[in-house]
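Student: I'm new to this one and would like a close look at a single part: the way pieces of the chain pack against one another. Could you walk me through the contacts, from helices down to side chains?

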Amino acid sequence: MTKRPGLLARYRRVLKNDAAAGIVLMIAAAAALVWSNSPWREAYERLATTVVGPGSVHLALPIEHWASDGILTVFFFVVGLELKQEFTLGSLRDPRKAAVPIIAAACGMAGPSAFYALTQVATGSGEYGGWAVPVATDIAFALAILAIFGRGLPPAARTFLMTLAVADDLGGIIVIAVFFAGGVNFGWLGGAIALVAAFGFLTAKRITHWWFLWPLAVLAWYCMHMSGVHATIAGVALGMVVPTGQRKSEPEPMTHRFTEKLSFASNGAVLPIFAFFAAGVDIVDSGGFGKMLTDPVSVGIYLGLPVGKCIGIFGGVWIMTRFLRLRLGAGVDLADIFPISLVAGIGFTVSLLIAQLSFPADSPHEPHSRVAVIFGTLLSILLGAIALRRRLSHPVRGPKGQPGMRHDDQMRHSPDQGRRSSFHGDMRGRHNPDGSRSSAGPREARGAADPHGSPHADGSSDAPHGPDKRGPAGSGGHGRRPRRPSDTDV
């Protein structure tokens, strides 16, 4: 009799789908909002502000700070791994070929910031501190919405959103590191950099036992915390120094192996805990939902996410394709970019973190900005879903398409038939178009990065789908049995 998988195993399997992971995040945020506005809201406040940790080493922090400054570093470590993989093996390996989504990401950060600033000017509030809150895109959430409501769009559309969100992630990290570092202590910062370098040296030498890497990582986090730079930046730096090169005995890049080991902890525990403590805003005692909705800071954020992103991304792509002669990927039309730009307004995780950093804890704008992020994310999901379904209900009219032809017919009649984008990996490693993970290895995924292909400006590839002549994944073509990672590895 087959033994039924336990609750933890089923939870792990569910989280392999990004749509389910996004739902878990929203459930955690909703639970916090309900509790923090219930008759028992004082209990939530006591829990969030309970101080834990040794004060002698300056680590006596409230639990809510441990959630945003401590365990969230695991999530940022995974982000660093994914950034490293995209820069070396994925959609950002050649910035010239990913020019359109990279520039669109910059426009997508400038649009919401400008919208927020104009809102403060129009209302005369003078509260410009929240300019950075609506700049971020939550890549896993955005890709999940595109997978659910965008079935039928060309594969290059997903690659465009993924590349844009990767560049946006990097921009958000730079914003946190540069604009929210107060009183930098260069001694501690130098210590953090040295420890990150030691971490990179050990991983390059394939010394990956946990008793070497975990202490180094914790010390690097502590030094970054003491330096005045936001401690989560240590996670990004540690992820970025992990090598992506494969040896002949390795079945997959180390970045991918580490991501697979930590993605469940990140998606299943770290992010829900962070969302639970970040979204718990007492709206009742801060003037009610109506006051929050009319606060100019909130308006600039919850409208800046969908509207500002849409104006920035869609407008930027229109200018690039109209006046700069840059082109989109195979089968992608400018009309496809409009719903994608609305979906890019989903800025849950990083936007919540920036909201906490943008205003003092005793400012009424701080809780309002956090609720505005949740409200703006829901608006982006709703508007993006409607726009995607509306787009798919009309024929695609690309520059190579013929009026009245949908994407499948267009591709059959196109001179580029059979040369679709083959890059389906996203920031979580290996995914199918529906958001679930594929069992295909990174060698198969790198078929899209074949140098014999002809990548488009969005990072997608025209490489034909042919048999892989290098032998089974991980064999390196030499028939050697790959080394199985040790249980003592990270």
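**Helices and rings in contact**

Tutor: Let's start with A31, which has its place in helix 2, residues 18-36. Keep in mind as we go that this is a predicted model. How exposed is A31? Its relative accessible area is 36%, so A31 counts as partly exposed, a label that covers values between 20% and 50%. Now look for G280: A31 and G280 are 249 residues apart along the chain, yet 8.2 Å is what separates their C-alpha atoms.

Next, let's look at how helices pack. Take helix 4 (residues 63-88) and helix 11 (residues 254-278): their axes are 9 Å apart, and the packing angle is about 150 degrees. Angles over 145 degrees count as roughly antiparallel, so that's the label for helix 4 and helix 11. Their crossing is left-handed. And what is the contact of helix 4 with helix 11 made of? Sort its residues and you get 16 nonpolar, six polar and three charged.

There's another helix pair to find. Helix 15 (residues 334-343) packs with helix 17 (residues 365-392) at an angle of about 160 degrees, and 7 Å lies between the axes. With that angle, helix 15 is therefore roughly antiparallel to helix 17. The crossing of helix 15 with helix 17 is left-handed.

Now zoom in on the aromatic rings. The count of aromatic pairs comes to 18. One of them is F75 with F76: the ring centres are 5.3 Å apart and the planes stand at 75 degrees, and since anything over 60 degrees is edge-to-face, that's what this pair is. F75 and F76 are both buried. Compare that with W211 and F212, whose ring centres lie 6.5 Å apart with planes at 50 degrees, so this pair is tilted.

Some rings join up beyond a pair: W35, Y44, F276 and F277 form a cluster linked by ring pairs. Find R12 and follow its side chain: the charged end of R12 sits over the ring of F264, 4.2 Å from the ring's centre.

Definitions and conventions: Residues are numbered from 1 along each chain as its sequence is written. This is a predicted model: local features need pLDDT of at least 70, side-chain atom pairs count only at pLDDT 80 or more; totals for chains, interfaces and linings use all residues. Side-chain values use heavy atoms; hydrogens and water are left out. Axes are lines fitted to C-alpha atoms, for helices over the stretch in contact, and angles run from 0 to 180 degrees between N-to-C directions. Helices (H or I, at least four residues) and strands (E, at least two) are DSSP runs, numbered from the N terminus. Angles under 35 degrees count as roughly parallel, over 145 as roughly antiparallel, 65 to 115 as roughly perpendicular and the rest as oblique. A crossing is left-handed if the near helix is turned anticlockwise from the far one by less than a right angle, and right-handed if clockwise. Ala, Val, Leu, Ile, Met, Phe, Trp, Tyr, Cys and Pro count as nonpolar, Asp, Glu, Lys and Arg as charged, and the others, Gly among them, as polar. Rings of Phe, Tyr and Trp (its six-membered ring) pair if their centres lie within 6.5 Å; planes under 30 degrees apart count as stacked, over 60 as edge-to-face and the rest as tilted. Buried means under 20% relative accessible area, exposed over 50%, partly exposed in between (1.4 Å probe, protein chains only). A charge sits over a ring if NZ of Lys or CZ of Arg is within 6 Å of the ring centre and within 35 degrees of the ring normal.
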